[in-house]
Amino acid sequence: MTETITTAAIAAHRLDVGYPVRGGTLRVLEGLDLDVAPGEFLTIVGPSGCGKSTLLRVLADLVPPLAGSVTVLGEPPAVVRARREVAFVFQDATLLPWRTVRENVALPLAVGPRGARDAAHAGEIDALLTMVGLDGLADRYPSQLSGGQRQRVAIARALLCKPRVLLMDEPFGALDEITRDRLNDELLALWRRTGTTILFVTHAILEAVYLGERVLVLAANPGRVRELVDLRAAKERGTCPRESPALVEAMARVRAALETC
Ligand SMILES: Nc1ncnc2c1ncn2[C@@H]1O[C@H](COP(=O)(O)OP(=O)(O)OP(=O)(O)O)[C@@H](O)[C@H]1O
Ligand SMILES: [Mg+2]
């Protein structure tokens, strides 16, 4: 009999994270245990300040843990970051206003060796812009785009290095509901096509249950796992419509868990 060993995409055990503040350390996450399977879509909700962004920052190697262990694709976050296998999409699109759409998408290349790189990647960038629905806008500047279009540029930029793990921190939080719904569907289609592991923070409960195979509910003070709502069985045959009984029930469970956070 052969044993199959699957390395978790994300594994955190007894993870403590905090920030240095005057007079000591502000403890944000405490004793957090989390395993995310390769290719999983995990959404994260929790009260403001509970440590959702902090968790993503640890995984992206932007904040070091105080204690416990954390691995991404079986390696310390710094290793995976250096290999550019993990990408981050922030809440505000963080585009450089003096660069065009094309130049913003090419930004991750700017830290690599210069030379013919932009030309070499031109086809790739065009394909990404098509994928996120920005055909014909490559030469515009961020100030000439709508909020939804700017977020698409940020997503295209994150996808340029073909990350195996995509960390998204309230990427659609500032958008109107119709644009958000459309981008949700585009993101799901992209996830199905690429098999990327996605961790997606949101304050919208419907968005959390619609996108996530599991929904992680974090409690605050200190940040810790309150509940993991599992939607995998309901979604085995594809996306559930937003009004489907499985999602309505999951929303009630997430809401009830949030009330105790
Ligand atoms: N650089 C920092 N230095 C000190 N404290 C910080 C720092 N960054 C965040 N914090 C604090 O850590 C806690 C968790 O912050 P974090 O940004 O992870 O929360 P969050 O769950 O993402 O909240 P929100 O839903 O409002 O985005 C908060 O109390 C915040 O004030
Ligand atoms: Mg946050």
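Entry on domains. I looked up the spacing of domain 1 and domain 2: their centres, taken over C-alpha atoms, are 25 Å apart. The assignment, an automatic or database one, gives domain 1 as 10–85 + 163–259 and domain 2 as 94–160. Nine residues from domain 1 and five residues from domain 2 make the contact, where contact requires C-beta atoms, placed from the backbone, within 7 Å. On the side of domain 1 that touches domain 2, I found seven nonpolar, one polar and one charged residues. Here Ala, Val, Leu, Ile, Met, Phe, Trp, Tyr, Cys and Pro count as nonpolar, Asp, Glu, Lys and Arg as charged, and the others, Gly among them, as polar.

Entry on provenance. I noted that the model is predicted, that local features need pLDDT of at least 70 and side-chain atom pairs pLDDT 80 or more, and that totals for chains, interfaces and linings use all residues. Residues are numbered from 1 along each chain as its sequence is written, with chains lettered from A and ligands numbered from 1 in the order in which they are written.

Entry on Cys-161. I located Cys-161 in the loop between helix H6 (147–159) and strand E6 (165–169); helices (H or I, at least four residues) and strands (E, at least two) are DSSP runs, numbered from the N terminus. Cys-161 counts as partly exposed because it has 15 C-beta neighbours inside 10 Å (buried means 20 or more, exposed 12 or fewer, with C-beta atoms placed from the backbone). Excluding residues up to four places away in sequence, Cys-161 touches Arg-84, Ala-87 and Pro-108.

Entry on ligand 1. The shell divides into five nonpolar, six polar and one charged residues.

Technical notes
Two residues are in contact if their C-beta atoms, placed from the backbone, lie within 7 Å.
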